[in-house]
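Hi everyone, thanks for coming. Have a look at it first.

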Amino acid sequence: MTRLKNKPTNPAIIAQSHARPIPSWALYLLCAIYLIPGLFDRDPWRHADLLHVGVMSAIAEGRTDWLTPLMGQVAVDLQYPTYWLGAAFISLLSPIGLDVAVAARIPFGLLLAACMALISSATFHLAQTPSARPLPLAFGGEPDTKSYAQSLANAAVLAFIACLGLLQLGHETTPEIIKLTGVCLLLWSMSACPTYPRRALIACTLALPLLVLSGSGWFTMLIGLICGLIGWKSNTRAVQRNAFYIVTITLLVSMASAHQGLLPLQVSAIHIAKILQWLRQLLWFLWPLWPLAAWTIWQWRHQFFRRHIALPASITLLAIFGSLFMGVADRTLLLSLPALAILAAFALPTMGRSTRSAIDWFSVLVFSISAFILWVIYASLHTGVPAQPAINIQRLIPGYSAPFQWWPLLLSVLVTAGWFALVRWRTAQHRSAIWKSLVLPASGISLNWFLLMTLCGHLLNQGQSLVPWIEKLQTTLSSAPTTPCIATQQLPMAFVAALEFHGKWRVDARQESANQSSCKILIAGVNISSGQRPLPIPKHWQLIATIQPPAERKGVTRIYQRFESGLVE
């Protein structure tokens with residue numbers, strides 16, 4: 001194959017045989033293996049996941065208002081799309097017997113699947129732009145435009161799945177999935193507007209309010225203006241019209257948000273230690289996409305201001321530097337993943353065989369070893385051989401006992417066998433499809449996530465759930481007087497949500513509750529590692545127990561009981 005020009009600005013040079021899409025059934029199966037584990041058979045994880053499920057449950061059960069949601073009589077961040085979506089599914093599915101946490105989790109799993117579809121479609125449309133098409137070969141044999149675009153679209157989905165940063169945050173019931181959907185809708189709107197102009201307008205009309213109402217006001221304003229600038233520089237009239245519309249909607253939404261106080265900006269101070277922390281976070285959170293994206297920007301540098309590179313690169317840089325100024329926030333960094341996956345896909349037509357082989361063997365080595373470790377932990381928990389993993393787990397969670405179930409074991413065996421079959425298929429002979437270098441990273445991540453949620457799911461649940469803490473509280477309070485309500489001080493909001501969601505107590509989390517509440521029980525949190533001292537406890541309260549949540553080394557909770565003489569009438 002020879003080039004038509006000595007120094008072409010387009011680095012994509014591939015043959016027709018390389019542009020073969022992934023079989024639909026295989027791609028859907030991989031997405032299902034990634035999406036379904038974590039939806040069922042687990043409690044909400046502590047911190048943000050539990051807090052949001054608690055608020056959704058309170059709204060659905062009528063314990064708080066839809067417009068001004070409270071948790072423990074304390075106002076929570078107004079992130080309406082998240083709360084309303086979860087509460088609506090709880091109201092719809094819990095009456096038929098579905099667990100409340102599962103009902104709240106289902107729409108967010110569907111949104112993550114929608115993000116994958118939007119990333120695929122956005123890449124498909126960008127790859128068909130004239131500047132993104134592969135170079136024609138001197139004697140013919142270059143791929144047709146649609147086959148090439150479909151291959152890159154499949155590769156972008158694989159890249160998205162392969163990213164380490166998506167694993168936990170992508171399976172939580174939090175506003176980040178709503179924000180991720182908004183970014184994907186905006187990417188698709190800017191990519192598909194020449195083909196589907198009306199649908200593109202609808203997509204951006206939905207995307208921008210979703211981002212603002214989910215707590216990303218300043219990010220929304222900046223991403224809208226960036227899309228407007230890129231569209232204004234485009235030679236395509238449909239893209240220019242869409243960009244003008246996006247800027248108009250951005251300004252209207254921003255003005256309305258500023259009027260309602262929905263544009264908070266908390267920029268943290270930047271120093272050397274924070275920059276080093278940010279760089280370390282980038283290395284692992286964006287792996288393995290950042291090396292591929294960097295390769296894309298270098299190889300396509302002469303096309304940098306074309307839409308297929310400028311659009312995803314600008315959004316990626318906005319989210320990456322936004323995370324630095326917002327206190328090294330991984331939840332802000334998550335918003336870069338859709339654009340980063342598109343950039344990673346455009347690296348594949350320019351990579352040499354040695355680079356692709358290095359990615360393959362690195363993936364085989366790393367993911368096979370990590371899967372082996374999960375199997376060793378499972379064997380140790382159920383057979384005692386080897387003994388050390390079970391001993392280590394007992395140190396972290398004293399008294400832990402793993403239940404045995406057949407179906408997780410059977411499914412894990414099948415998925416592990418599928419991994420080895422895929423490795424054999426990939427390494428047995430040279431495969432020419434351009435997406436082949438991302439098959440093993442995406443499948444390896446999916447394999448380990450599946451094994452973690454099946455073989456070690458109960459163990460992970462014990463470490464991430466607050467149900468064991470609630471059970472300890474119930475045991476402690478079983479001898480206390482009837483406790484219709486519990487007051488709290490210095491207790492994280494996730495723990496307050498656990499008291500309401502798991503414990504079914506009425507909670508008063510206001511700081512003045514110890515003085516003014518009529519509750520007979522007070523729970524105070526203390527962070528041991530920071531040397532934090534508990535708030536002064538008023539008179540008429542007596543310490544009755546100190547409890548440390550399972551797998552929690554940084555904090556303890558102290559339980560106080562009010563003297564009868566101190567009861568508020």
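**Cysteines, charges and a nonpolar patch**

Let's start with cysteine 227: the closest cysteine sulfur, in cysteine 204, is 9.1 Å away, so the two are too far apart for a bond. A disulfide here is a pair of cysteine sulfur atoms within 2.5 Å. Cysteine 227 counts as buried because its relative accessibility is 0%. For the burial words, buried means under 20% relative accessible area, exposed means over 50%, and partly exposed lies in between, with a 1.4 Å probe and protein chains only.

Before I go on, a word on where this comes from. This is a predicted model, so local features need pLDDT of at least 70 and side-chain atom pairs count only at pLDDT 80 or more, while totals for chains, interfaces and linings use all residues. Residues are numbered from 1 along each chain as its sequence is written, and side-chain values use heavy atoms, with hydrogens and water left out.

Back to the cysteines. How many disulfides does the rule give? The count is 1. Cysteine 485 and cysteine 519 make up that pair, with sulfur atoms 2.0 Å apart. The pair connects distant parts of the chain: cysteine 485 sits in strand β3 (residues 485-489), and cysteine 519 in the loop between α23 (513-516) and β5 (521-527), 34 residues apart. When I say helix or strand, I mean DSSP runs numbered from the N terminus: H or I of at least four residues for helices, E of at least two for strands. The link between cysteine 485 and cysteine 519 is left-handed, with -130° about the S-S bond. Both cysteine 485 and cysteine 519 are buried.

And then there is cysteine 115, which is in no disulfide; the nearest cysteine sulfur belongs to cysteine 184 and is 3.8 Å away. Cysteine 115 counts as buried because its relative accessibility is 0%.

Stay with cysteine 519 for a moment, as it leads us to the charges. Its backbone oxygen is reached by the side chain of arginine 562 at 3.2 Å. Arginine 562 belongs to strand β7 (residues 555-562). A salt bridge is a side-chain nitrogen of Lys or Arg within 4 Å of a carboxyl oxygen of Asp or Glu.

Aspartate 508 does have a partner: its side chain meets that of arginine 510 in a salt bridge, 2.8 Å from N to O. Aspartate 508 is counted as buried because its relative accessibility is 3%, whereas arginine 510, at 33%, counts as partly exposed.

The structure holds 8 salt bridges. Another of them pairs arginine 331 with glutamate 176 at 3.0 Å, N to O. This one also spans distant parts of the chain, from arginine 331 in helix α14 (residues 330-333) to glutamate 176 in helix α7 (residues 175-192), 155 residues apart. Arginine 331 is partly exposed at 23% relative accessibility, while glutamate 176 is buried at 7%. Shared partners join Glu172, Glu176, Lys179 and Arg331 into one network of salt bridges.

Now to the surface. There is a nonpolar patch with about 1000 Å² of accessible area together, and its residues include Leu164, Trp287 and Phe372. Patch residues have over 30% relative accessible area and no salt bridge; like charges are joined within 9 Å, and nonpolar side chains (Val, Leu, Ile, Met, Phe, Trp, Tyr) within 5 Å. The areas come from the Shrake-Rupley method with a 1.4 Å probe, and for residues only the protein chains shown count as cover. Which element gives the most to the patch? That would be α16, with 6 residues. Leucine 164 comes from the loop between α5 (145-162) and α6 (166-169), and it counts as partly exposed at 32% relative accessibility.

One last stop, the backbone. Tryptophan 287, from the patch, is joined to proline 288 by a cis peptide bond, with omega near 0°. Valine 385 and proline 386 are also joined by a cis peptide bond, with omega about -10°. Proline 386 lies in the loop between α16 and α17 (388-396).

Note on methods: A polar contact is a pair of N or O atoms within 3.5 Å; within protein, one must be able to donate a hydrogen and the other to accept it, and residues adjacent in sequence count only if both atoms are side-chain atoms.
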